[in-house]
Number of protein chains: 2
Amino acid sequence: MSDKAAEVSEVVNAFSDCWNRHDMPAFAALFAEDAQFINPKGEWWRGREAIRQAHECTHASLFRHSCLSFTRTLVRFPADGLALARSEWVLEGQVSPEGAPLAPRTGLLLNVLVRGDEGWRIVESQNTGIAGGVSSRSS
Amino acid sequence: MSDKAAEVSEVVNAFSDCWNRHDMPAFAALFAEDAQFINPKGEWWRGREAIRQAHECTHASLFRHSCLSFTRTLVRFPADGLALARSEWVLEGQVSPEGAPLAPRTGLLLNVLVRGDEGWRIVESQNTGIAGGVSSRSS
């Protein structure tokens with residue numbers, strides 16, 4: 001693995017690590033200050049602080065015991081200083097607003113990372129749930 | 001509008017124009033050869049040709065009379081030669097597999113564009129439906 005691939009993988013792995021520790025300040029620190037985030041419901045957060053606040057809220061409720069696993073991550077570098085990391089994920093341990101356990105969900109997360117003075121930071125995250133839990137692939 | 005903003009807007013506008021003309025060769029030509037595409041169901045297509053084939057199929061059936069409108073597009077340039085274009089969309093005129101009309105749907109589309117020798121091309125598209133048809137925004 002190249003140095004830059006290892007650096008990007010480190011950020012992507014930290015995404016799930018911070019999620020699973022429910023450490024939202026550390027989670028938010030992975031993002032650029034003006035990053036944007038779309039969750040699988042089409043909710044849109046703008047800026048690192050909005051991303052932190054939204055996740056603090058869900059990790060105090062629906063996601064407080066949840067575990068996010070990236071089953072595979074593919075990283076591409078289509079331009080200098082730019083990385084596209086797509087991760088297939090499984091989310092287990094989510095509960096309903098009433099606290100009832102919910103079935104695991106799967107999805108596809110795209111993280112767009114840009115290398116700046118402080119290393120690689122996420123500038124965009126967009127998440128899409130997989131309908132029926134199975135993704136089709138052309139290859 | 002700067003030159004590069006106008007160039008990127010032209011590609012984004014062509015996305016919906018080609019969709020609404022159901023001209024999938026022209027649609028596919030907006031993408032880089034190794035582009036990837038995630039639709040709102042979490043289906044994943046890799047490569048311009050796979051993107052064309054998948055859309056040829058849906059535009060011969062579910063989407064054959066559909067009309068895609070971008071109600072707003074925000075473009076950012078977080079690195080040299082890189083553009084992130086997020087479009088809010090409404091899709092009208094979709095039909096069920098049995099041909100019955102379906103209600104309009106809304107969503108958020110992220111196009112990642114890179115400037116190469118042939119101008120701006122889409123290297124990643126990821127699409128997320130808006131649950132309940134209304135997106136929340138932090139700002």
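**Buried faces and a cavity**

Mentor: A:T58 is found in helix α3 (residues 48-59) of chain A; helices here are DSSP runs of H or I with at least four residues, strands are runs of E with at least two, and both are numbered from the N terminus. This is a predicted model, in which local features need pLDDT of at least 70 and side-chain atom pairs pLDDT 80 or more, while totals for chains, interfaces and linings use all residues. Residues count from 1 along each chain as its sequence is written, chains are lettered from A and ligands numbered from 1 in the order written, and side-chain values use heavy atoms, without hydrogens and water.

Trainee: Why is A:T58 called buried?

Mentor: Its relative accessible area is 18%. Buried means under 20%, exposed over 50% and partly exposed in between, with a 1.4 Å probe and protein chains only, so A:T58 is buried.

Trainee: What does A:T58 touch?

Mentor: Leaving out residues up to four places away in sequence, A:T58 touches A:F63 and A:R64. Contact means heavy atoms within 4.5 Å.

Trainee: What makes the span of α3(A) close to the expected one?

Mentor: The twelve residues of α3(A) reach 16 Å from first C-alpha to last, against 16 Å expected at 1.5 Å a residue. The expected span is 1.5 Å times one less than the number of residues.

Trainee: Which residues of α3(B) are buried?

Mentor: In α3(B) they are B:A50, B:I51, B:A54, B:H55, B:T58 and B:H59. Their arc is only 155 degrees, which puts them on the same side of α3(B).

Trainee: What makes a space in this structure a cavity?

Mentor: On a 1 Å grid over the protein atoms alone, a cavity is a set of points where a 1.4 Å probe fits but cannot get out.

Trainee: Which residues line the largest cavity?

Mentor: A:L74, A:R76, A:L84, A:A85, A:R86, A:L110, B:Q36, B:W44 and B:E124; a lining residue has an atom within 4 Å of a point. The largest share, three residues, comes from β4(A).

Note on methods
1 Å grid on protein atoms, 1.4 Å probe; cavity = no way out; pocket = protein on both sides within 12 Å on 5 of 7 lines; lining within 4 Å. Arc of directions from axis to C-beta.
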